[in-house]
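Welcome to this short tour. Please open the structure in your viewer and keep the selection tool at hand.

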Amino acid sequence: MDEKIKHLEFVQNVITRMNTNSFQLKGWMITIVSALLALYASSDNNVLYVFISIVPVLIFWFLDAFYLKQERLYRKLYKDIVEDNNIQLFDMNASKYEVCYCKVFWSKTIAGLYCTIASLLILLGLLLFVMDCVAKC
């Protein structure tokens, strides 16, 4: 029984690591987007920085979905270990489970954040572009 508890601890540590990576990705994304918006503010109002800031949002969205998918795979492994579904002791292979990447990508937990930020950046970029065009006319 102690070995099964230790196995569960190993899997839980992997789940925690994936969750931590996901949290850190969000922080890095916000930092990079903030830096690009600061570049916009300190430049001659070059709207290109606002549109460029959408790229890291998309990149981190894909990465965050990858880590969330991995976390869900290990949660399935954890569940099978608890239910004693013929999992070999200390088996950490979660590749035998399936989780749809698209469902993870569009899940409420991450799509809400990344869609909101990307949408706001697009709207901000378009608004600033239009205001710049009007000011030049």
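Begin by selecting phenylalanine 10, which counts as partly exposed because its relative accessibility is 36%. Keep in mind that you are looking at a predicted model. Phenylalanine 10 sits in helix α1, which covers residues 2-42.

**Zoom out to the whole chain**

Now show everything as a cartoon. You will find 5 helices and 0 strands, and reading along the sequence gives the pattern α-α-α-α-α. Along the principal axes, the C-alpha atoms fill a box of roughly 75 × 25 × 15 Å. The radius of gyration is 21 Å, while a compact globule of 137 residues would have one near 14 Å.

The accessible area comes to about 8800 Å², and carbon and sulfur atoms account for 64% of that. Of the 137 residues, 34% are buried. Where contacts join residues at least 6 apart in sequence, 76% of them link residues at least 24 apart.

**Back to phenylalanine 10 and its neighbours**

With the surface still on, select Phe10, Leu89 and Phe90. Together they make a nonpolar surface patch with about 250 Å² of accessible area.

Hide the surface and look at the rings. How many aromatic pairs does a search of the whole structure find? There are 8. In one of them, phenylalanine 10 and phenylalanine 90 have ring centres 5.7 Å apart and planes at 50°, so this pair is tilted. The two partners come from distant parts of the chain, 80 residues apart: phenylalanine 10 is in helix α1, and phenylalanine 90 is in the loop between α3 (54-82) and α4 (101-105). Phenylalanine 90 has 35% relative accessibility, so it too counts as partly exposed.

**On to a second pair**

Select tryptophan 61 and tyrosine 114. Their ring centres are 5.9 Å apart and their planes lie at 10°, so the pair is stacked. Tryptophan 61 belongs to helix α3 and tyrosine 114 to helix α5 (residues 108-136), so the pair ties together parts of the chain 53 residues apart in sequence.

**Last stop: the cluster**

With Trp61 and Tyr114, they form one aromatic cluster.

How values were computed: Residues numbered from 1 in each chain as written. Predicted model: local features only at pLDDT ≥ 70, side-chain atom pairs only at ≥ 80, totals over all residues. Heavy atoms only, no water. Patch = residues over 30% accessible without salt bridge, like charges linked within 9 Å, V, L, I, M, F, W, Y side chains within 5 Å. Areas by Shrake-Rupley, 256 points an atom, 1.4 Å probe, with all protein chains shown as cover. Salt bridge = Lys/Arg side-chain N within 4 Å of Asp/Glu carboxyl O. Helix = DSSP H or I, 4+ residues; strand = E, 2+ residues; numbered from the N terminus. Buried < 20%, exposed > 50% of the residue type's maximum accessible area, 1.4 Å probe, protein only. Rg over C-alpha atoms; globule rule 2.2 N^0.38 Å. Contact = heavy atoms within 4.5 Å. Phe/Tyr/Trp six-rings, centres within 6.5 Å; stacked < 30°, edge-to-face > 60°.
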